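Here are a few notes to read alongside the model. Have a look at it below, then work through the points one by one.

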Amino acid sequence: KGELRMQSLTFDDAGMYQCIAENTHGTIYANAELKIVASPPTFELNPMKKKILAAKGGRVIIECKPKAAPKPKFSWSKGTELLVNGSRIRIWDDGSLEIINVTKLDEGRYTCFAENNRGKANSTGVLEMTEATRITLAPLNVDVTVGENATMQCIASHDPTLDLTFIWSLNGFVIDFEKEHEHYERNVMV
């Protein structure tokens, strides 16, 4: 197939590789450089978010994406408690931490630890719970005679510390009220 496979690479394997393909009509060459990367985990370029919000009863994913080579092993703690996979908590292969059915007890300081054969590092963020956003009055089906106007309502409850934005769509496409102002009108009730 023209493949060159290398296993258990070392720094000595770094360099310029050349593939030569030839037949009775001639010879062609292709070059590629192989760089061997090795570094301890670092969060300098991609630290954990300092503040993570999660909706009560919802699901949250806290990302842990350090730069490291080879790929590090991950572990997590909440405060001083080491976390393990369970019915509500899962540590993904990429290092992310998933929590489902979030409760007030899940609030706190979360630390991601990353370690490979070059070293280790950690990063910390604080998880805060918010009230879940809920639709309290959903739009209803409306029968309207062609040429008439129609009004649809949508009312939602939300955590008072957060802003709320309503987005309307038609058949899966978001309505642009600025471009389509002659046909659609947004009324905001306070």
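1. Where is the place of Leu 9? Leu 9 sits in the segment before β1 (15-23); strands here are DSSP runs of E, at least two residues long, and are numbered from the N terminus. Keep in mind that this is a predicted model, where local features need pLDDT of at least 70, side-chain atom pairs count only at pLDDT 80 or more, and totals for chains, interfaces and linings use all residues. Residues are numbered from 1 along each chain as its sequence is written, and side-chain values use heavy atoms, with hydrogens and water left out.

2. Leu 9 is partly exposed, because its relative accessible area is 41% (buried is under 20%, exposed is over 50%, partly exposed is in between, using a 1.4 Å probe and protein chains only). Together with Leu 4 and Met 6, Leu 9 makes a nonpolar surface patch of about 280 Å². For such a patch, residues need over 30% relative accessible area and no salt bridge, and nonpolar side chains are joined within 5 Å (like charges within 9 Å). Areas come from the Shrake-Rupley method with a 1.4 Å probe.

3. How many salt bridges are there? The count comes to six, taking a salt bridge as a side-chain nitrogen of Lys or Arg within 4 Å of a carboxyl oxygen of Asp or Glu.

4. One of them joins Lys 65 and Asp 94, at 3.4 Å from N to O. This pair links distant parts of the chain, 29 residues apart: Lys 65 is in the loop between β5 (59-62) and β6 (67-69), Asp 94 in the loop between β9 (89-91) and β10 (97-100). Lys 65 is partly exposed at 33%, and Asp 94 is partly exposed too, at 32%.

5. Next, look at Arg 88 and Asp 106, whose side chains meet in a salt bridge at 2.8 Å, N to O. Arg 88 is in the loop between β8 (81-83) and β9, and Asp 106 in the loop between β10 and β11 (108-116), so the pair ties together parts that are 18 residues apart in sequence. Asp 106 counts as buried because its relative accessibility is 5%, while Arg 88, at 29%, counts as partly exposed.

6. Lys 104 and Glu 107 also form a salt bridge, with their closest N and O atoms 3.3 Å apart. Here Lys 104 is exposed, at 53%, and Glu 107 is partly exposed, at 25%.

7. Finally, the rings. The structure holds one aromatic pair (ring centres of Phe, Tyr or Trp, its six-membered ring, within 6.5 Å; planes under 30 degrees apart are stacked, over 60 edge-to-face, the rest tilted). Phe 177 and Tyr 184 have ring centres 6.4 Å apart and planes at 80°, so the pair is edge-to-face. Phe 177 is buried at 17%, whereas Tyr 184 is partly exposed at 22%.

Note on methods
Helices (H or I, at least four residues) and strands (E, at least two) are DSSP runs, numbered from the N terminus.
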